[in-house]
Amino acid sequence: MLPWTALGLALSLRLALARSGAESGPPASAPRGDLMFLLDSSASVSHYEFSRVREFVGQLVAPLPLGTGALRASLVHVGTRPYTEFPFGQHSSGEAAQDAVRASVQRMGDTHTGLALAYAKEQLFAEAAGARPGVPKVLVWVTDGGSSDPVGPPMQELKDLGVTVFIVSTGRGNFLELSAAASAPAKKHLHFVDVDDLHIIVQELRGSILDAMRPQQLRATEITSSGFRLAWPPLLTADSGYYVLELIPSAQPGAARRQQLPGNATDWTWAGLDPDTDYDVGLVPESNVRLLRPQQLRVRTRPGEAGPGAVPAPTQLAALPAPEEAGPERIVISHARPRSLRVSWAPALGAAAALGYHVQFGPLGGGAAQRVEVPAGRNCTTLQGLAPGTAYLVTVTAAFRSGRESALSAKACTADGPRPRPRPVPRASTPGTASREP
């Protein structure tokens with residue numbers, strides 16, 4: 001009986017250890033990556049606003065685990081030309097980075113954000129600037145909403161390379177354009193906050209930054225015309241299983257490629273791919289202690305550059321310049337009452353006439369958005385049915401004959417409602433007297 005008892009105990013112990021390993025799994029990965037703060041330091045920002053933004057960024061960075069092998073932070077100013085306040089790796093603690101942020105000086109000049117974003121792309125992937133290959137990249141852009149040069153193309157290049165983009169706007173600017181510029185979903189990566197209320201989002205934004213430094217699922221980064229890098233969280237350990245990676249061109253299912261990786265791997269780079277092509281990627285964790293679901297992803301490589309044998313595009317005759325299709329230049333909020341407010345806007349001078357406008361509004365704290373249509377020729381409307389003492393984000397969009405739309409957003413706040421009047425307390429009648437009706 002003793003041998004069978006010993007064997008039973010051994011089997012029970014092994015099952016318990018396996019169950020324990022399946023429940024706990026590998027340890028959670030510490031945040032690791034390169035974090036860049038891009039601050040609007042131009043003359044369009046007042047000295048007071050810049051001081052509030054500087055304090056906000058200092059509060060964000062102070063508790064972060066900066067150091068070798070962990071997070072690295074850099075600060076770049078937006079002005080006539082971009083300026084690096086400090087590069088990656090210069091500060092080994094959050095407190096040191098906070099002191100450097102607080103000591104920074106506003107650069108003034110024009111708001112060349114597009115130029116600064118192109119510069120940020122170089123710095124985020126340049127080892128000479130302290131950046132590291134193969135780690136998550138995060139950009140936090142704090143802006144007053146305006147730019148003197150295009151922002152869309154350089155921002156899209158950053159996102160194509162796998163950079164997670166957070167945008168903090170101090171209440172001005174085009175909400176629709178900023179939503180498109182931020183990483184998806186915009187609800188998590190775009191914040192419209194008054195400059196005096198920036199402290200409200202510090203904890204939430206810091207948590208989102210740390211989450212971006214810890215991959216929660218399979219994702220593609222550093223996408224080029226011939227390859228991309230895959231990253232995923234540590235689902236396994238070296239002795240608990242292995243991964244199988246599968247790469248399938250969407251148009252050629254028979255041309256699949258497979259790669260087996262050890263259980264402690266968390267990234268892999270596919271190279272030698274075709275440009276401008278969709279690829280279906282699968283990650284299959286094979287574990288001997290617990291069941292893990294496969295993860296799937298579709299990635300499109302970037303278009304390739306034209307080679308020396310490419311046929312040039314036909315030359316087109318120059319056309320007369322068409323009027324610029326520009327949206328409202330300024331939004332004015334007036335007649336703010338507890339349940340209504342008036343919205344007026346100034347169309348851009350010299351711009352093409354809009355076919356009409358639609359005004360979208362919703363509470364900043366969250367809730368359903370509403371929309372009001374305004375015909376061409378009018379530049380004001382009154383928003384009804386609002387909540388008293390509530391801040392709203394109002395977006396005025398101009399629609400043009402070409403199908404293009406251009407918008408501008410602003411914050412508005414309704415007035416507080418009247419306080420309820422206290423109900424009169426009936427006066428007790430004196431004994432022996434009759435009360436008189438009015």
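Predicted model: local features only at pLDDT ≥ 70, side-chain atom pairs only at ≥ 80, totals over all residues.
Me: What does the chain come to in secondary structure, and how much of the chain is buried?
Reply: The chain has eight helices and 20 strands. Of its 438 residues, 42% are buried. The accessible surface is about 24,400 Å², and carbon and sulfur atoms hold 54% of that area.

Me: What share of the contacts with a separation of 6 or more comes from residues 24 or more positions apart?
Reply: Such residues account for 67% of those contacts in the chain.

Me: Why is H91 called buried?
Reply: Buried means under 20% relative accessible area. H91 has a relative accessible area of 18%, so H91 is buried. The residue lies in the loop between β3 (83–86) and α3 (94–102).

Me: Which residues does H91 touch, apart from those up to four places away in sequence?
Reply: They are L66, F86, A96, A97 and A100. A contact here requires heavy atoms within 4.5 Å.

Me: What makes α2 and α3 roughly antiparallel?
Reply: The angle between α2 (residues 47–61) and α3 is about 175°. Angles over 145 degrees count as roughly antiparallel, and α2 and α3 are therefore placed in that class. Their axes are 8 Å apart.

Me: Which residues make the contact of α2 with α3, and how do they divide by type?
Reply: From α2 come R54, E55, V57, G58, Q59 and V61, and from α3 come G94, A97, Q98, V101 and R102. They divide into four nonpolar, four polar and three charged residues.

Me: Why is V343 called buried?
Reply: The relative accessible area of V343 is 0%, and the cut-off is under 20%, so V343 is buried. V343 sits in strand β15.

Me: What is in contact with V343, leaving aside its neighbours within four places in sequence?
Reply: The contacts are I331, V332, I333, N379, C380, T381, L383, V394 and V396. One of them, N379, is 36 residues from V343 in sequence, and the two C-alpha atoms are 8.4 Å apart.

Me: How do you know that β14 and β18 are edge strands?
Reply: The open sheet has the order β14-β15-β18, with antiparallel pairing. β14 (328–337) and β18 (380–384) each have a single partner strand, so one side of each is left without a neighbour in the sheet. Neighbouring strands are turned by 20° against each other on average, direction ignored.

Me: What makes β14 and β15 a pair?
Reply: Two strands pair if DSSP finds at least two bridges between them. β14 and β15 (residues 340–347) have seven bridges in the antiparallel sense, so they meet that condition. R337 stands opposite S340 in β15.

Note on methods
Residues numbered from 1 in each chain as written. Heavy atoms only, no water. Helix = DSSP H or I, 4+ residues; strand = E, 2+ residues; numbered from the N terminus. Axes fitted to C-alpha atoms, helices over the stretch in contact; angles between N-to-C directions. Buried < 20%, exposed > 50% of the residue type's maximum accessible area, 1.4 Å probe, protein only. Areas by Shrake-Rupley, 256 points an atom, 1.4 Å probe, with all protein chains shown as cover. Parallel < 35°, antiparallel > 145°, perpendicular 65-115°, else oblique. Nonpolar A, V, L, I, M, F, W, Y, C, P; charged D, E, K, R; others polar.
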